[in-house]
Amino acid sequence: MKNLESIVYSLNVEDVQNVVQETLDRPLAEREIRLVEGAIPNYIHWFDAIVLAIQHHNLRPKTRK
């Protein structure tokens with residue numbers, strides 16, 4: 001089993017800047033990056049994302065004997 005402390009998914013500033021460049025056609029200033037960085041967790045519903053990934057792969061509960 002993987003280390004339970006290992007990161008499963010992450011975003012970095014380059015990811016943010018790439019999306020901003022595509023949507024706003026300009027990079028964010030440092031202050032703007034901090035604003036966006038602080039807001040991102042409000043829009044990522046990690047529990048639902050995990051459930052959707054489980055469903056996507058059709059994973060099922062352990063069968064009882």
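1. Let's start with Gln17. This residue is buried, because its relative accessible area is 17%, and the cut-off for buried is under 20%. Keep in mind as you read that you're looking at a predicted model.

2. Where does Gln17 lie? You'll find Gln17 in helix 1. Which residues is Gln17 in contact with, once you leave aside its neighbours within four places in sequence? The answer is Pro27, Leu28 and Ile33.

3. Leaving aside neighbours within four places in sequence, Glu32 is in contact with Arg26 and Pro27. Glu32 itself has its place in helix 2, and that helix covers residues 30-39.

4. Now look at what the side chain of Glu32 is doing. At 2.8 Å, it makes a polar contact with the side chain of Arg26. The side chain of Glu32 also reaches a piece of backbone, namely the nitrogen of Ala29, at 2.7 Å.

5. Next, head to Ser6, which sits in the segment before helix 1 (13-24). Is Ser6 buried, exposed or partly exposed? With a relative accessible area of 31%, Ser6 is partly exposed, because that value falls between the 20% and 50% cut-offs.

6. For a sense of distance, compare Ser6 with Tyr43. The two are 37 residues apart along the chain, and their C-alpha atoms are separated by 22 Å.

7. On to the empty space. Rolling a probe the size of a water molecule over the atoms shows where such space is left. The largest pocket holds about 470 Å³. It is lined by 15 residues, and those closest to its centre are Tyr9, Ser10, Leu11, Ile40 and Ile44.

8. Which helices supply the lining of the largest pocket? Helix 1, helix 2 and helix 3 (46-56) each give at least two residues. Helix 3 provides the largest share, with three residues.

9. Finally, what kinds of residue make up that lining? Twelve residues in the lining of the largest pocket are nonpolar, two are polar and one is charged. You could pick out Leu11 and Ile40 in the viewer, both among the residues closest to the pocket's centre.

Methods. Residues numbered from 1 in each chain as written. Predicted model: local features only at pLDDT ≥ 70, side-chain atom pairs only at ≥ 80, totals over all residues. Heavy atoms only, no water. Helix = DSSP H or I, 4+ residues; strand = E, 2+ residues; numbered from the N terminus. Buried < 20%, exposed > 50% of the residue type's maximum accessible area, 1.4 Å probe, protein only. 1 Å grid on protein atoms, 1.4 Å probe; cavity = no way out; pocket = protein on both sides within 12 Å on 5 of 7 lines; lining within 4 Å. Points joined across faces, edges and corners; volume = space filled by probe spheres on them. Nonpolar A, V, L, I, M, F, W, Y, C, P; charged D, E, K, R; others polar. Contact = heavy atoms within 4.5 Å. Polar contact = N/O pair within 3.5 Å; in protein donor to acceptor, adjacent residues only side chain to side chain.
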